[in-house]
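Subject: Handover of a structure

Dear colleague,

Please find the structure below, followed by an account of what was found in it.

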Amino acid sequence: MQKQLLAKNPREDGEILTLEQHLTDTKNVGVAIFKGRILLNWRRFFRLKDANSFLLHLKIAALFHDIGKANAEFDAAAQKKLKQQTLRHEWLSALILHLPSVRTWLASSKLGLDVEVITAAVLSHHLKASYKDWGEPRTSIKQVQLFLRHTEVINILQQIAGIAELEGLPDEFPEEWSEEDSLWKQAYSDANNTGIDFGCDISDNLERRSLLLAVKAGLIAADCVASAMFRENKPLEKWVDETLHAPAITSEELETKILQPRYAQIAKKSGEKFKLKQFQKKAQEQGDRLLLISGCGSGKTIFGYKWHQAALSRNEVGHVIFLYPTRGTATQGFKDYVSWAPETDASLVTGTASYELQEMLKNPSDSCDSKDFTTDERLFALGFWGKRFFSATVDQFLCFLTHGYSGICLLPVLADSVVVIDEVHSFSRDMFDNLISFLRNFDIPVLCMTATLSQTRQEELKNAGLEVFPTAANQELREIEEHPRYDVEFVDFETAYEYTKSAYRDNKSRVLWVVNTVDRCRLIAGRREDGTGLEFDLNIDVLTYHSRFKLKDRQERHQETIAAFAYEIGEPKPALALTTQVSEMSLDLDADVLITELAPISSLVQRFGRSNRHLSRGNKFRSKILVYEPPNIKPYSENEIVAAKKFVEYIQGENISQAQLALALENYCPGERYADGSCYFLEGGYWATTYTFRDTDDYSVDAILSSDLEAVAKLIEQKKPYNGYVLTIPQRLAHWQWEGRPEKLPRYLAIADANLYCPRRGFGEWKKS
């Protein structure tokens with residue numbers, strides 16, 4: 001018999017964590033997390049009927065979740081003597097819970113345990129249990145020695161007995177797992193049959209489903225904290241209290257820390273005293289579930305923060321969250337608003353946040369000066385628990401809906417929040433389906449915002465419980481949206497090209513050209529040294545902004561583009577930029593001339609909104625918008641492009657307003673199917689595997705330039721982030737074998753030929769100058 005059962009690999013200082021200690025720690029962390037305000041908001045979020053029942057099931061699941069580690073293979077793996085275990089430890093834990101003696105013992109509880117809820121939470125706590133292949137041996141080994149009679153296991157069972165008011169302990173445990181043993185075969189069969197029946201039951205029994213989801217998520221969060229605190233040698237309960245249980249945010253705190261500094265910045269930039277618009281003031285009169293539809297540049301973000309203030313006055317929460325569709329928009333939202341808060345309170349949460357924040361430290365703005373917003377990266381998602389104000393990409397928080405591990409670890413923060421979700425028009429169909437599931441099934445104050453939205457999606461959001469603002473009676477917004485802004489014309493490419501040259505050279509205009517693919521963006525921009533494109537024809541530096549840059553270069557291109565098209569009083573300096581869809585959302589660009597390829601109608605409306613955005617050139621000025629057909633429809637569907645052509649043919653003319661665009665969008669936007677309200681998190685039942693929240697592009701991959709391999713290798717050895725070197729490239733140009741590829745470079749990262757990369761134009765098939 002083993003002297004001690006290991007729960008983890010020994011720490012770097014040689015300290016070990018026993019199985020009994022880890023299971024006890026996980027239970028204690030669960031209790032430490034779910035108390036006071038956090039428990040109340042967790043109960044509200046999951047619509048739990050009984051908080052005490054939740055805590056009971058969480059504690060039992062925590063004590064059972066890793067009991068399958070009491071086996072010889074796990075002990076060898078923890079000592080780095082074995083790489084592949086025959087069965088994952090949580091699979092064994094679930095099989096143990098399906099042994100007849102254990103099942104009978106738990107069923108005898110005087111407190112009425114829901115054993116299926118406990119088993120489901122245990123089996124799925126690593127999100128690696130699918131109905132098809134869980135429990136199947138992963139090696140040729142036929143037997144695994146078990147240590148279920150060890151003193152540590154007995155002590156854990158005695159804890160469970162005390163909590164659940166159980167008599168005695170289960171009968172004798174088997175000494176080994178064997179693939180051929182009828183006892184284990186029956187346990188596996190019973191688990192699958194029970195899991196199927198359980199899944200059917202929770203589809204109708206919503207109270208039971210709520211308990212399941214709350215326990216599942218609670219166990220993952222508690223296990224994550226218990227593991228991290230051992231790894232980082234931090235005190236469990238103290239850390240939880242200092243991070244998660246800080247005082248609730250007040251509307252006054254939001255006003256002082258974020259809004260007043262932002263107002264002062266706007267006033268400094270405009271030279272006029274800042275005044276809230278009337279519709280922004282009305283944000284504080286709105287309810288906890290709202291949809292704001294307001295034109296581009298009308299002031300939606302400030303409306304969102306004023307709504308936050310109203311929601312804070314009605315709800316006791318510890319976090320304010322603003323979610324954006326892209327990393328670029330989340331980063332800009334952080335700079336403009338969240339970063340005014342103290343560094344201990346503010347956080348940027350994106351896939352590349354660590355790099356973005358480090359760059360801000362090198363080039364601080366007024367809001368970021370002398371602040372270090374970085375979190376303890378060794379704590380991963382837990383490092384954000386102590387933050388109060390968030391600017392984040394939507395997938396970082398809502399990926400829990402597709403069993404994203406980091407999103408589930410952030411659920412204690414999300415449930416204790418008021419949330420704004422911006423640019424919901426831009427969500428893919430799958431992302432919008434998940435949004436509808438979120439709104440229908442989880443109770444949390446939410447404001448969704450967009451400039452335009454199809455009638456189908458408006459109906460879906462209303463059916464999910466959101467009230468629409470403004471009503472037709474809002475005079476101020478109606479005047480803003482009915483003001484003539486654009487002269488729109490449908491032309492051919494050659495006309496658009498010649499007009500661009502004239503507008504820049506002769507009229508000194510700021511010209512924004514938006515295309516649908518990176519390749520055309522690079523081609524039209526061209527390069528002087530190659531004798532190609534607008535840069536050669538005009539003999540100027542043409543800006544380009546798209547998705548196929550290294551993060552560092554993309555950040556620089558982003559800032560250049562923002563600066564060139566920023567809101568200005570008086571006559572702006574001429575500028576010319578070629579961009580793709582990345583310019584459509586939340587970027588405060590204000591062009592005099594917009595050239596665009598045909599695209600889906602909602603995308604066109606967003607692109608139009610990047611011109612004459614603030615009426616800064618006077619009420620009589622009209623931006624010129626030229627629309628032309630692209631040489632091919634990719635990446636869009638024929639249905640979308642045909643509808644867009646009809647839309648442009650209808651609205652083209654002079655003195656076009658945002659209100660006219662919105663009406664035409666309703667009339668010409670293709671219909672969509674409706675969401676059914678489901679998601680993987682809701683439907684998982686006994687099982688759970690992770691899926692991507694965003695639609696994946698099968699034609700693109702992430703890569704490292706061949707010229708950066710040495711630098712990346714050093715960062716890997718130093719255990720430092722290297723995402724500043726990552727870029728997205730076409731899969732057909734990806735190399736998976738390359739001399740000098742770092743041994744520890746993740747397998748999903750390809751190598752990109754540095755000869756195809758230009759810091760000003762990005763990655764593509766032309767020779768580097």
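Strands (E, at least two residues) and helices (H or I, at least four) are DSSP runs numbered from the N terminus.

Two remarks on provenance come first. The model is predicted, and local features need pLDDT of at least 70, side-chain atom pairs count only at pLDDT 80 or more, while totals for chains, interfaces and linings use all residues. Residues are numbered from 1 along each chain as its sequence is written, and side-chain values use heavy atoms, with hydrogens and water left out.

The seven-stranded sheet

Strand E5 belongs to an open sheet of seven strands in the order E6-E7-E5-E8-E9-E4-E10, with parallel pairing; two strands pair if DSSP finds at least two bridges between them. Strand E6 (346-349) and strand E10 (467-469) are the edge strands, each pairing on one side only. On average, and with direction ignored, neighbouring strands of this sheet are turned by 20 degrees against each other. 

Within E5, His319, Ile321 and Leu323 point one way, Val320, Phe322 and Tyr324 point the other way, and all are buried. E5 pairs with E8 in the parallel sense over five bridges, and Val419 in E8 is the bridge partner of Ile321. The parallel pairing of E5 with E7 also has five bridges, and there Ile321 stands opposite Phe390.

The nonpolar cores

A nonpolar core is a set of buried Ala, Val, Leu, Ile, Met, Phe, Trp, Tyr and Cys residues joined through side-chain atoms within 4.5 Å. The largest has 137 residues, of which Phe46, Phe54, Phe64, Phe400, Leu414, Ile421 and Phe438 touch the most other members. Helix H10 (residues 206-231) gives the most to this core, with 16 residues. A second, separate core of 34 residues includes Leu292, Tyr305, Phe322 and Ile480.

Contact means heavy atoms within 4.5 Å. Leaving aside neighbours within four places in sequence, Leu414 is in contact with Phe45, Ile321, Phe397, Leu398, Phe400, Val419, Phe438 and Ile444.

Val317 lies in the loop between helix H14 (300-314) and E5. At 0% relative accessibility, Val317 counts as buried. Not counting residues up to four places away in sequence, Val317 touches Arg37, Asn41, Arg44, Ala248, Ile249, Leu312, Asp416, Ser417 and Val418.

Helix packing

Axes are lines fitted to C-alpha atoms, for helices over the stretch in contact, and angles run from 0 to 180 degrees between N-to-C directions. Angles under 35 degrees count as roughly parallel, over 145 as roughly antiparallel, 65 to 115 as roughly perpendicular and the rest as oblique.

Helix H2 (residues 36-46) and helix H3 (residues 51-64) pack at an angle of about 100 degrees, with their axes 10 Å apart; H2 and H3 are therefore roughly perpendicular to each other. Leu39, Trp42 and Arg43 of H2 and Ala51, Phe54 and Leu55 of H3 make the contact.

For helix H27 (residues 601-608) and helix H28 (residues 638-651), the axes come within 9 Å and cross at roughly 45 degrees, and the two helices are therefore oblique to each other. Ile601, Leu604, Val605 and Phe608 of H27 meet Ala643, Ala644, Phe647, Val648 and Ile651 of H28.

The three-stranded sheet

Three strands form an open sheet in the order E20-E19-E21, with mixed pairing. Five bridges join strand E19 (residues 700-705) to E20, and these two run antiparallel. Asp702 stands opposite Thr728 in E20.

With kind regards

Conventions. Buried < 20%, exposed > 50% of the residue type's maximum accessible area, 1.4 Å probe, protein only.
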